[in-house]
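Thanks for coming. I will go through one structure this morning, chain by chain. Please have a look at it first.

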Amino acid sequence: MPVLRARILVRPKAGILDPQGQAVERALPALGFSGVRNVRVGRLIELDVEDSARLSEMCQRLLTNPLIEDYEIVESAGADSIGSPADAELPGGVAGADSIGRPADAELPGRVAPGTSA
Amino acid sequence: MKFGVIRFPGSCDEVDAQLACGRVGEAVLLWHGDRDLQGVDAVVVPGGFSYGDYLRVGAIARFAPVMEEVAQFAQDGGIVLGICNGFQVLCEARMLPGALLPNTSLRFIFRQVELEVASADSPFTSACEVGQRLSIPVKHTTGRFYAPDDELARLAANDQVLLRYAPGQNPNGSRHDIAGVCNEQRNVFGLMPHPEHAVDPLTGSVDGLVVFESIRARVSSRARV
């Protein structure tokens, strides 16, 4: 059975207060990193999966709470690619601040349906 | 009447809950891996760190075998009380609206708070009067009740908010100062404060007893019918 490496990016839903992000945002200027805004802290779940069609269901039922979190599923090659090759697909230095969120995400390879369930 | 208090791996308030229930009735512990509710009249999902609270608080505990039975019990009208971690479990199980998020302070808080009874129309607050103050402790890191605006409006319209933090007492950033909510059918209730820790003068307050007394009153009135 071919195995896929998947990454699930979990973020606090837009509009929900994220005190952890705020704390990080306040800490950065103290270290000399100015001009940082809109810090949100989420979670990354990595897993190997045989049937990637079931990832959304996994996210809905257990991996995320759709009431408070949005998620994105990023699939990469086989499970043996754990490590650097898959890393290259992570949204690294994406464009300007206005591209935070969906628009920039769409340009990334191997992306499947963003989960913005009700 | 007979209470059943669930014990998950990681629970830590189940014994206090059992003792509190024992002041108004009989109380047994129910093991998370069992499916037998032992004929109890009410279920208490206690505080603690069920299944280590891994992933999200309550996220894994909601799939415990006993919780399937509790969901069915609630669907059949059974009385279910979730305290602290139990509240989180019931929200994750979608048996209660909303979710609990980390306190805005990001700190563990542990203190006595003043609550106001917002509705006495429930099996959990019927021994109270609306506006009555209760002094009950909170102790949690993830107690900020959140629900989207439309859900909050629904909760208000249906009178589902049973307890609020008194003005100026909100310890966690909970929306609309909500300390405890019930489901639409009013037989499932979750709250972050710990009524089971406020049942003896030795610990400073006996105000938590009204919750257990209310449940007993409801169950015994139903038995008589």
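**Two chains, starting with A**

Read from the N terminus, the elements of chain A follow the order β-α-β-α-β-α-α-β. That is 4 helices and 4 strands. Helices here are DSSP runs of H or I with at least four residues, strands are runs of E with at least two, and both are numbered from the N terminus.

Before going on, a word on where this comes from. This is a predicted model: local features need pLDDT of at least 70, side-chain atom pairs count only at pLDDT 80 or more, and totals for chains, interfaces and linings use all residues. Residues are numbered from 1 along each chain as its sequence is written, while chains are lettered from A and ligands numbered from 1 in the order in which they are written.

The predictor assigns the complex an ipTM of 0.88 and a pTM of 0.87. For chain B, the mean pLDDT is 97, and 99% of its residues reach 70 or more; pLDDT is the predictor's confidence in each residue, from 0 to 100.

Back to chain A. Of its 118 residues, 19% count as buried. Buried means that 20 or more other C-beta atoms lie within 10 Å of the residue's own; exposed means 12 or fewer, partly exposed is in between, and C-beta atoms are placed from the backbone. If we take the contacts in chain A between residues at least 6 apart in sequence, 69% of them join residues at least 24 apart. Two residues are in contact if their C-beta atoms, placed from the backbone, lie within 7 Å.

Where the chains meet, chain B contributes 10 residues and chain A 9 residues. On the chain B side, 6 are nonpolar, 2 polar and 2 charged. Nonpolar covers Ala, Val, Leu, Ile, Met, Phe, Trp, Tyr, Cys and Pro; charged covers Asp, Glu, Lys and Arg; the others, Gly among them, are polar.

Now the sheet in chain B. It is open, with 9 strands in the order 2-1-3-4-11-10-9-6-7 and mixed pairing. Two strands pair if DSSP finds at least two bridges between them. The edges are strand 2 (26–31) and strand 7 (133–140) of chain B, each pairing on one side only.

Take strand 1 (2–7) of chain B. Of its 6 residues, 5 are buried. Strand 1 of chain B runs parallel to strand 2 of chain B, with 6 bridges, and Lys2(B) stands opposite Glu26(B). Strand 1 of chain B is also parallel to strand 3 of chain B, with 3 bridges; there Val5(B) faces Val44(B).

What runs at about 175 degrees to strand 1 of chain B? Helix 1 (residues 14–22) of chain B does, lying across strands 1, 2, 3 and 4 of chain B. Axes are lines fitted to C-alpha atoms, for helices over the stretch in contact, and angles run from 0 to 180 degrees between N-to-C directions.

Further along is strand 10 (residues 178–182) of chain B, antiparallel to strand 9 (residues 161–165) of chain B through 3 bridges. Val161(B) has Val181(B) as its bridge partner, and Val181(B) also stands opposite Gly190(B) in strand 11 of chain B. Strands 10 and 11 of chain B form a hairpin with 5 residues between them, and Arg186(B) in the turn has a positive phi of about 70 degrees.

Why is strand 10 of chain B described as largely enclosed by the rest of the structure? Because 5 of its 5 residues are buried.
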